[in-house]
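Please keep the sequence and the structure in view while reading.

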Amino acid sequence: MRDTLLIALFAFLGAAAAGVLGACVLLLIRRWTLTAHLAVVAAVAVTAMLAGTLAVAQAMFLSAHDLTVVTTVVAMAAVVSMATALLLGRWVVARSRDLALAARSFGDGGDFAAPDGPATAELAAVSRELQATSNRLAESRGRERALEASRRELVAWISHDLRTPLAGLRAMAEALEDGVAADPDRYLGQIRTEVERLNDMVGDLFELSRIHAGTLTPSLSRMSLYDLVGDALAGADPLARQHGVRLVGDRVEPVPVEVDGREMSRVLGNLLVNAIRRTPADGTVAVVAERSAEGVVLSVTDGCGGIPEEDLARVFDTGWRGTHARTPPAGAGLGLAIVRGLVEAHRGTATVRNVTGGCRFEVTLPTAEA
């Protein structure tokens with residue numbers, strides 16, 4: 001037992017000396033390639049075994065022949081180990097280089113394509129993460145391009161919509177100033193109408209800027225959805241009568257909700273005005289409010305004939321307007337964008353889908369806590 005402990009002690013001391021030396025070498029070459037590190041690790045393993053063997057041999061007074069045999073065996077093992085470490089290191093470095101080249105093209109704005117061929121589990125995991133990041137960035141770039149296109153369209157449409165009433169205001173003001181207006185009172189009334197239209201447009205732009213800037217914080221209060229819808233229907237009734245459209249709101253449940261009354265009234269007002277203007281005379285605009293598994297669903301159904309399927313995804317985009325809505329008295333394409341922003345500020349969702357004869361806008365809000 002005593003001899004075994006001595007052998008273990010001498011072997012440990014020899015191997016520990018080789019390990020400490022190897023750790024120092026690894027510290028010195030820590031910025032070198034992986035191949036060099038693997039070679040050092042292989043060398044440390046073989047050297048530790050050789051040092052331990054020599055220490056035991058000296059302690060046990062082995063013969064010179066036995067020591068030569070042991071040393072030769074260890075040397076052959078060292079050759080094989082070093083060759084294996086170098087091959088493995090070159091293969092891993094080559095795979096790492098391929099992965100770096102693929103990541104470089106991905107960083108230059110392209111799509112990431114994982115290198116062909118087998119890879120270690122770690123490199124494969126890095127490749128999968130880079131692929132997922134590339135997909136997310138591609139989606140982000142797509143949204144950024146769509147947003148930029150929407151902004152350009154918005155600027156163009158706002159410029160057009162501002163230029164038209166401003167030109168009319170200038171012409172009417174000059175006519176009044178020169179005293180050539182046949183009916184000054186009618187001119188004054190028209191000027192007031194155009195000014196109110198401009199004021200509404202500026203108000204929409206201000207509201208949208210608050211939504212995009214994230215500064216909109218609803219002041220929530222508990223109220224009945226029945227009262228909220230009733231007030232909105234009463235406010236939209238004159239416009240509906242003017243267009244010959246019937247407003248129907250007989251399926252509104254008195255569901256309690258916690259919302260900002262002013263902002264939610266704007267949501268309902270925008271949806272009703274949009275529905276009334278798109279519904280032909282003698283058509284019907286129906287408002288329904290009821291509970292669902294997701295919360296409280298408020299829907300506005302019009303008789304516009306439906307929205308093309310390719311346009312459904314853009315209905316709530318800033319500045320988007322359907323082809324039939326690009327002439328006055330349509331707005332600047334901000335109403336539905338404001339609807340979505342206000343609803344999302346209330347932790348809800350706004351969607352649209354086609355139904356028979358028209359389309360249905362649905363606003364889903366969280367149910368008020370009991």
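A residue is called buried when its relative accessible area is under 20%, exposed when that area is over 50%, and partly exposed in between. R251, at 51% relative accessibility, therefore counts as exposed. The model discussed here is a predicted one.

**Overall content**

The protein contains 8 helices and 7 strands. Of its 370 residues, 33% are buried. The protein exposes about 21800 Å², and 60% of this area is supplied by carbon and sulfur atoms. Among contacts with a separation of 6 or more, 70% are between residues 24 or more positions apart.

In what order do the strands of the open sheet stand? The sheet has 5 strands in the order 2-4-5-7-6, and the pairing is mixed. Strand 2 and strand 6 (349-355) are at the edges with a single partner strand each, so one side of each has no neighbour in the sheet. On average, neighbouring strands of this sheet are turned by 15° against each other, direction ignored.

Strands of a sheet pair through backbone hydrogen bonds, in either a parallel or an antiparallel sense. Strand 2 (residues 246-252) and strand 4 (residues 284-291) run parallel and are joined by 5 bridges. In this part of the sheet, R251 is opposite V288 of strand 4.

Strand 4 and strand 5 (residues 296-301) run antiparallel, with 6 bridges between them. Here R291 is opposite V296 of strand 5. These two strands form a hairpin with 4 residues between them, and G295 takes a positive phi near 150° in that hairpin.

Strand 5 also pairs with strand 7 (residues 358-365), in the antiparallel sense and over 6 bridges. T301 is opposite R360 of strand 7.

**Helices on the sheet**

Helix 6 (residues 225-243) packs on the sheet and touches strand 2, strand 4 and strand 5. The direction of helix 6 makes about 170° with that of strand 2. Helix 8 (residues 335-345) lies across strand 6 and strand 7, and runs at about 25° to strand 7.

**Salt bridges**

How many salt bridges does a search of the whole structure find? The search finds 6, and the table gives three among them.

| Pair | Closest N to O distance |
|---|---|
| E263 and R262 | 2.8 Å |
| E362 and R353 | 3.1 Å |

R251 belongs to strand 2 and E290 to strand 4, so the pair ties together parts that are 39 residues apart in sequence. E290 has 31% relative accessibility and so counts as partly exposed.

E263 counts as buried because its relative accessibility is 2%, whereas R262, at 56%, counts as exposed.

In the salt bridge of E362 and R353, E362 counts as buried at 18% relative accessibility. R353 has a relative accessible area of 38% and is partly exposed.

**Helix 5**

Does the span of helix 5 agree or disagree with its number of residues? Helix 5 (residues 184-213) has 30 residues, and at 1.5 Å a residue it should span 44 Å. Its end C-alpha atoms are 43 Å apart, which agrees. The buried residues of helix 5 are Y187, E194, L198, M201, E207, L208 and I211. Just after this helix, G214 takes a positive phi of about 75°.

**The loop at P115**

Which loop holds P115? P115 lies between helix 3 (64-107) and helix 4 (121-178). The C-alpha atoms of P115 and L99 are 6.2 Å apart in space, while the two residues are 16 residues apart in sequence. With its neighbours within four places in sequence left aside, P115 is in contact with R95, D98, L99, A102 and S127.

Notes
Residues numbered from 1 in each chain as written. Predicted model: local features only at pLDDT ≥ 70, side-chain atom pairs only at ≥ 80, totals over all residues. Heavy atoms only, no water. Expected span 1.5 Å × (residues − 1). Buried < 20%, exposed > 50% of the residue type's maximum accessible area, 1.4 Å probe, protein only. Pairing = 2+ DSSP bridges. Salt bridge = Lys/Arg side-chain N within 4 Å of Asp/Glu carboxyl O. Axes fitted to C-alpha atoms, helices over the stretch in contact; angles between N-to-C directions. Contact = heavy atoms within 4.5 Å. Areas by Shrake-Rupley, 256 points an atom, 1.4 Å probe, with all protein chains shown as cover.
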